[in-house]
Amino acid sequence: MVARKLGVGQPITPKQFGEITDEQLSRLVPRAYREFFPVKV
């Protein structure tokens, strides 16, 4: 399966969520909202 490029506002699966880094996750959240979301634990 070919990995697609993740972008702002695109949904991700629970498996993808578990595999991405905090930096990648922060880039999926629009910049204006990032301060309201805690980092992944």
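Before anything else, the cut-off I'll need: a residue is buried when its relative accessible area is under 20%, and exposed when that value is over 50%. Also a reminder to myself that this is a predicted model.

**Overall**
I checked the secondary structure and got two helices and zero strands. Then I looked at burial: the protein has 41 residues, and 12% of them count as buried.

**Leu25**
I found Leu25 in helix H2, which covers residues 22-28. Is Leu25 buried or exposed? Its relative accessibility is 17%, so I put Leu25 down as buried, given that the cut-off is under 20%. Next I asked how far Leu25 sits from Gly7. They are 18 residues apart in sequence, and I get 9.6 Å between their C-alpha atoms.

**Gln16**
I moved on to helix H1, residues 14-19, where Gln16 is found. What does the side chain of Gln16 have 2.8 Å from one of its polar atoms? I traced that to the backbone nitrogen of Thr13. I then took the C-alpha to C-alpha distance from Gln16 to Leu6 and noted 9.7 Å. In sequence, Gln16 and Leu6 are ten residues apart.

Technical notes:
Residues are numbered from 1 along each chain as its sequence is written. This is a predicted model: local features need pLDDT of at least 70, side-chain atom pairs count only at pLDDT 80 or more; totals for chains, interfaces and linings use all residues. Side-chain values use heavy atoms; hydrogens and water are left out. Helices (H or I, at least four residues) and strands (E, at least two) are DSSP runs, numbered from the N terminus. Buried means under 20% relative accessible area, exposed over 50%, partly exposed in between (1.4 Å probe, protein chains only). A polar contact is a pair of N or O atoms within 3.5 Å; within protein, one must be able to donate a hydrogen and the other to accept it, and residues adjacent in sequence count only if both atoms are side-chain atoms.
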